[in-house]
Amino acid sequence: MALSTAVDLSAHVRSGTLSAVDVTRAALDRIDRYDARLGAFQLVRQDMALAEAAAVDARPDRAYLALAGIPVAIKDNIPVAGEPMRDGSAATSADVQVRDHPIVTRLRDAGAIIIGITRAPELCVFGTTDSVFGTTRNPWNLFRTLGGSSGGSAAAVAAGLVPIAHGNDGMGSIRGPAGNCDLVGIKPGPGVVPQEIGVDAWGGMSENGPLATTVMDAALLLSVMSGRPELAATTEPTEALRIAIAPGCPSALVRVDPEWARAVHETGKALRSAGHHVTEVAFPYDANPLPLLMRWFAGTHSDAIGLDLAALDRRVRTHVRLGGFVKRRGMLRSEPVDRHRAVVEAFFGDYDLLITPTLATPGPKAIEWHRKSW
């Protein structure tokens, strides 16, 4: 069975022209054939997935299920009942989880099949998806990583192993892998999808969201994760939008590859020809990266509480120590975040949409970055 979109496959399962077992078995066959080279999955739930698919086929409400029979991959940092949650780390427990995360419950209620758990870097800290459990490779270029930390889920979708997957994003962990392998990834705003990521979702920065090959599939998965069916609807704008394009660098520490800047300009031209009002701007990025970095450090420190620090990678131990220092010195303050939020909100008083490069540079080489220093 050739992979189709989640929208199309679920329609077939709802109507009975395909069974959930057929769709799930085809996905398992693709994983068995291709994932040894990709390293997308931490574990595959072959027997359980087939049993769940048979249960969906037997449900009397199958014709009304938004994700009827759709295999979905879950990133290895939220709980799936009956499976371990390793968070990419040998320091975490191999014991199975006793409950599903709220979004996993919503996926099951909508008829989705939890086909497996995808790889993440240790504690989801760094921007490459590799750990003691293995290295995840970009299906478009096996010598490159997809970035992190939702690289396992992105690889599974980009390679056509599953039509949609779960990821989460604190500092680009959905958007980066999506940009590296031509996917649609959404980091929703606060309160749209339940968080429950680590101890405190990196001070509230992290959000759960979808990875998919089409806008409609991403919208469908987001609608189920959020419990808001209306978010599945995709419509054309009824009037011209005020669109800002910002191809420049967000920080003096970053240089945007000319190809990414060119893509922004070409997108702007296409939108202008479609009748929208497009303006090139210098987006008011915060010139001081420290408030963001401090939350990154502190979030890692919180997630490492109770773990055997000696079992962590050397670079993650360094990150944990930095987070401890930030907390002890009382360096986590809300004022810089609140100030920048006010600036951004004022900016969107003049524009409906902002387009920037998704990435600054291509994903790094697919090597064992977790063995290197901080």
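The crossing of helix α4 with helix α8 is right-handed in this predicted model, and the two helices, spanning residues 102-109 and residues 215-226 respectively, pack with their axes 8 Å apart. A right-handed crossing is also found for α2 and α3, whose axes are likewise 8 Å apart.

**Helices α4 and α8**

- The angle at which α4 packs on α8 is about 115 degrees, and angles of 65 to 115 degrees count as roughly perpendicular, so α4 and α8 are described as roughly perpendicular to each other.
- On the α4 side the contact involves I103, R106 and L107, which meet L221, V224, M225 and S226 of α8.
- Sorted by class, the residues in this contact of α4 with α8 comprise five nonpolar, one polar and one charged.

**Helices α2 and α3**

- Helix α2, covering residues 20-38, packs against helix α3, covering residues 46-58, at an angle of about 160 degrees, which makes α2 roughly antiparallel to α3, since angles over 145 degrees are classed in that way.
- From α2, the residues A20, V21, T24, R25 and L28 make the contact, while α3 contributes Q46, A49, L50, A53, A54, V56 and D57.
- The residues of this contact of α2 with α3 divide by class into eight nonpolar, two polar and two charged.

Conventions:
Residues numbered from 1 in each chain as written. Predicted model: local features only at pLDDT ≥ 70, side-chain atom pairs only at ≥ 80, totals over all residues. Heavy atoms only, no water. Axes fitted to C-alpha atoms, helices over the stretch in contact; angles between N-to-C directions. Helix = DSSP H or I, 4+ residues; strand = E, 2+ residues; numbered from the N terminus. Parallel < 35°, antiparallel > 145°, perpendicular 65-115°, else oblique. Left-handed = near helix turned anticlockwise from the far one by under 90°. Contact = heavy atoms within 4.5 Å. Nonpolar A, V, L, I, M, F, W, Y, C, P; charged D, E, K, R; others polar.
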